[in-house]
Amino acid sequence: MNTIKGVVVGHGGLAAALIGAVEQISGAGSGLVAISNTDCDRGTLEERILAAATPGPAIVFIDMPSGSCHFAAMRRMQAMPGVRIVTGVNLAMLLEFIFRREGEVDELADHLVQVGARAVMAH
Amino acid sequence: MPLRLFRVDDRLVHGQVVLGWGRPLAARFIVLVDDAVRQSAWEQDLYRMAVPDDVSIIFASAAEAVSHLAEWNADPRPGMLLTADLATMAVLHDAAPGVVREINLGGLHHRPGRAERLRYVYLAAPDEALLRRLAHDGARIVAQDLPTAAAIDLETLLR
């Protein structure tokens, strides 16, 4: 079974900061790849994501639904076998991912959505 | 009420547009003019998600926009019109120069062949020629990513 690649795409320095926090918490290299939308147009951002995520299997984590990063990933990879796009990335989701990345990509993506959603709460 | 903003931004609908401009202008509708998006159901779905519930969004091709521009401009609600590129905005200006009088450059980002003019405006030589032509034809060209930022006129932008 292949190891699933993890690519985090976000505005500004968000992706790198999230990965830095994951590695700080886990105490190990995460293997996650950070991609920023800073200083690039649509086409360049699409190419960066495509290069990092393919060949799959891969999960592309996006910071915000309907943002430029989401559009860029969707344009090139929404129908690509073995690649799933997950929006609303958070730390809980990424920590779960790095310890479960040997599974089936579709199953894992659905599981990570649940983990990420459970991490959002109000008290 | 005339359309309050004609903006060229290669990201089309995003936070700067919806919040940065939409709130101070009290925009109640957005017209997104883009031939590719007009044909793409999934892109329209994502753009709808990016717009607040009390703001409606209309998707139009350039040809449809030319036909409906006067109607949108007469809408009693404040509205904004967006294109992803200069060429599409030029089509609208040429069709209705009395409506598209001021063009906001809000985001033309880096790509090969373009040179940086502002952090959010990169232009190639044909882009500059088109902007000069639009200005010559009466359009006021202003680069301004957010209403709280300084407005840069074309002469300053291309200096």
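# Reading chains A and B

Guide: Start with B:Pro52, which is exposed, with 12 other C-beta atoms within 10 Å. This is a predicted model, in which local features need pLDDT of at least 70 and side-chain atom pairs count only at pLDDT 80 or more, while totals for chains, interfaces and linings use all residues. Residues are numbered from 1 along each chain as its sequence is written, and chains are lettered from A and ligands numbered from 1 in the order in which they are written.

Visitor: What makes a residue buried or exposed?
Guide: Count the other C-beta atoms within 10 Å of its own, placing C-beta atoms from the backbone: 20 or more is buried, 12 or fewer is exposed, and in between is partly exposed. A:Gly103 is partly exposed, with 14. Of the 159 residues of chain B, 37% are buried.

Visitor: Where does B:Pro52 lie?
Guide: In the loop between helix 3 (41-49) and strand 3 of chain B. Helices (H or I, at least four residues) and strands (E, at least two) are DSSP runs, numbered from the N terminus. Chain B has seven helices and nine strands. B:Pro52 and B:Ala151 are 99 residues apart along the chain, and their C-alpha atoms are separated by 26 Å.

Visitor: And where does A:Gly103 lie?
Guide: In chain A, in the loop between helix 4 (91-98) and helix 5 (105-118). Its C-alpha is 8.1 Å from that of A:Asn2, although 101 residues separate the two in sequence.

Visitor: How do I read the strands of a sheet?
Guide: Strands of a sheet pair through backbone hydrogen bonds, either parallel or antiparallel. Here, two strands pair if DSSP finds at least two bridges between them. Chain B has an open sheet of seven strands, ordered 3-2-4-1-5-8-9, with mixed pairing. Strand 3 (56-60) and strand 9 (152-153) are the edge strands, each pairing on one side only.

Visitor: Which strands pair with strand 2 of chain B?
Guide: Strand 2 (residues 29-33) pairs with strand 4 (residues 79-83) in the parallel sense, over five bridges. Five bridges also join strand 2 to strand 3, again parallel. Take the residues in turn. B:Ile30 has B:Met80 in strand 4 as bridge partner. B:Val31 has B:Ile58 in strand 3. B:Leu32 stands opposite B:Leu82 in strand 4. Four of the five residues of strand 2 are buried, so this strand is largely enclosed by the rest of the structure.

Visitor: What is a nonpolar core?
Guide: A set of buried Ala, Val, Leu, Ile, Met, Phe, Trp, Tyr and Cys residues joined through C-beta atoms within 7 Å. The largest has 42 residues, and those touching the most other members include B:Val13, B:Ile30, B:Leu32 and B:Met80. A second, separate core of 35 residues includes A:Val7, A:Leu32, A:Val83 and A:Leu112.

Visitor: Which residues is B:Ile30 in contact with, leaving aside its neighbours within four places in sequence?
Guide: Two residues are in contact if their C-beta atoms, placed from the backbone, lie within 7 Å. For B:Ile30 the list is B:Val13, B:Val51, B:Val55, B:Ile57, B:Gly79, B:Met80 and B:Leu82.

Visitor: How do I find the sides of a helix?
Guide: An α-helix has 3.6 residues a turn, so residues three or four places apart point the same way.

Visitor: How many residues of chain A are in contact with chain B?
Guide: 13 residues of chain A are in contact with 12 residues of chain B. Helix 2 (42-53) and helix 3 (68-77) of chain A are the elements that each give two or more residues to that side of chain A. Helix 3 gives the most, with four residues.
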